Amino acid sequence: MEQSMTNATTSKSSDSVKRGLKTRHVSMIALGGCIGTGLFVASGSAISTAGPGGALVAYIAMGLMVYFLMTSLGEMATNMPISGSFAAYSAKYVDPALGFAMGWNYWFNWAITVAVDISTAALVMKFWLPNIPGWTWSLVALVIIFVINALSVQAFGETEFWMSLIKVVTIFVFLAVGLLTIVGIMGGHGPGLSNFTYKQAPFVGGFPAILSVFVVAGFSFQGTELVGITAGESEDPSHSVPKAINQVFWRIILFYVLAIFVIAAVLPYTSHDLLGSSASDVAISPFTLVFRRAGLAAAASVMNAVILTSVISAANSGMYASTRMLYSLSKEGYAPQFLGRTGKNGIPYPALLMTTLVAALTFISSIAGPKIYMWLVAASGLTGFIAWFGIALSHFRFRRAFIKQGHQLSELKYHAKWFPIGPLLALILCVAVIVGQDPQSFFSGNWEQVLVTYIGVPLVLILYIGYKIKNHTKLIPLDEVDVAPVHKDGTLKNNAAAEKD
């Protein structure tokens with residue numbers, strides 16, 4: 001029975017994805033995956049909330065946590081490179097019920113996020129063409145990302161490569177202009193570091209403010225886990241995944257820390273423009289403000305184009321991630337079998353169509369039923385942190401099982417350093433960030449707001465407990481965890497089916 005249960009990501013059957021992503025694609029997807037509106041827009045609110053010092057502390061701490069998560073994911077992804085990655089790892093190394101809950105939760109999150117991103121694209125387009133109905137631009141954006149994802153995985157990788165490159169170049173230009181502005185070469189008299197000691201700076205609001213910025217920083221870094229999903233379609237995952245983690249992540253930390261340093265140095269944390277930063281008003285993007293301070297009049301239009309690129313990139317990545325997760329859920333026995341079928345080019349078209357349908361219905365609800373849309377967006381809000389929690393837990397158990405069964409670290413193509421400190425720290429910080437979403441509502445007894453904020457948690461628990469009760473799954477003992485490495489042309493045991501047998 002077990003011999004027939006192969007994972008289609010690595011099987012030679014027709015219903016399998018194709019390994020068409022080059023190393024440069026994977027590296028740039030990992031780099032561009034978490035450089036978006038979280039950096040270009042929301043970083044301003046982080047500085048206004050916690051001050052320049054508080055914002056830097058929060059982003060550095062969150063960056064370290066994400067580094068540990070990336071190394072954890074890298075160790076598992078090089079050992080078992082498949083689409084669906086961490087949902088399959090949760091099922092394989094922890095409990096099939098956890099894999100079921102993680103997979104459906106993640107698919108739901110990204111399908112909803114696609115709808116949010118195409119809505120944001122319409123808001124950004126209003127900057128240039130305010131008289132054209134927003135739904136028109138959202139429809140255009142949805143069609144574009146559907147076509148990109150329907151062509152081939154190479155088309156997706158190439159598109160993400162160039163859109164990510166635009167974001168990276170923008171940040172380099174911003175850092176150069178910002179540093180010249182700080183010292184007074186551009187924009188007249190330079191502020192130097194005076195804004196770091198202005199009024200209550202560098203730390204404003206104490207630890208509670210820093211904790212609230214942890215949430216902002218966490219959302220900014222979400223998307224880094226995409227490298228785990230791309231491992232299933234990478235030409236050489238044992239080379240491209242470690243390279244993406246080791247080289248790209250430090251650049252991300254560099255970009256975020258330096259960008260926030262520049263913004264905080266040029267603009268005082270009391271600036272009213274920083275208080276309302278949102279993707280719907282590009283004119284108050286902190287990047288735009290810094291460019292204007294340097295004397296660049298066309299800053300708003302240029303940054304609008306960059307932010308539009310970021311939003312389309314996020315929607316494109318979301319469509320890819322959710323499609324591959326739904327495909328993987330089918331192959332693992334957690335979703336209907338037809339969702340695991342692929343075309344000759346390796347694209348899982350049924351999963352792509354299902355994801356597009358959900359994204360379209362979610363977008364329609366934003367017009368027809370705003371309250372339903374609000375609940376859908378709220379339900380997906382914590383999914384990234386829940387996925388990170390699952391990655392850290394899976395890696396903690398994988399490594400313990402690997403060593404307990406007599407294996408040596410030298411057998412791994414890539415192994416995460418700082419074990420077990422890394423995954424344990426990630427687990428603690430994930431719980432802290434989830435709890436710290438809106439503690440004021442708990443204290444004030446605003447239970448409706450509590451439900452809106454934390455609804456993602458009970459939804460995951462319902463999925464987990466429901467599957468566990470129905471299929472009588474159990475926590476897999478460490479000495480029974482299957483830690484055998486898998487090659488590109490190998491086969492994988494289907495945990496869901498095995499559990500049912």
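I began with helix α12 (residues 286–293), which is mostly covered: 6 of its 8 residues are buried. Buried means under 20% relative accessible area, exposed over 50%, partly exposed in between (1.4 Å probe, protein chains only). Helices here are DSSP runs (H or I, at least four residues), numbered from the N terminus. I listed the buried residues of α12 as P286, F287, T288, L289, V290 and F291. Just after α12, I found G295 with a positive phi of about 95°.

A note on the source: this is a predicted model, where local features need pLDDT of at least 70, side-chain atom pairs count only at pLDDT 80 or more, and totals for chains, interfaces and linings use all residues. Residues are numbered from 1 along each chain as its sequence is written, and side-chain values use heavy atoms, with hydrogens and water left out.

Next I checked the length of helix α6 (residues 134–151). Its 18 residues should span 26 Å at 1.5 Å a residue, and its end C-alpha atoms are 26 Å apart, which agrees. The expected span is 1.5 Å times one less than the number of residues. Among the buried residues of α6 I noted W137, A141, L142 and I145. What do the buried residues of α6 pack against? I found α5 (96–125), α7 (153–182), α13 (299–331) and α14 (349–368), with contact meaning heavy atoms within 4.5 Å.

Conventions:
Helix = DSSP H or I, 4+ residues; strand = E, 2+ residues; numbered from the N terminus.
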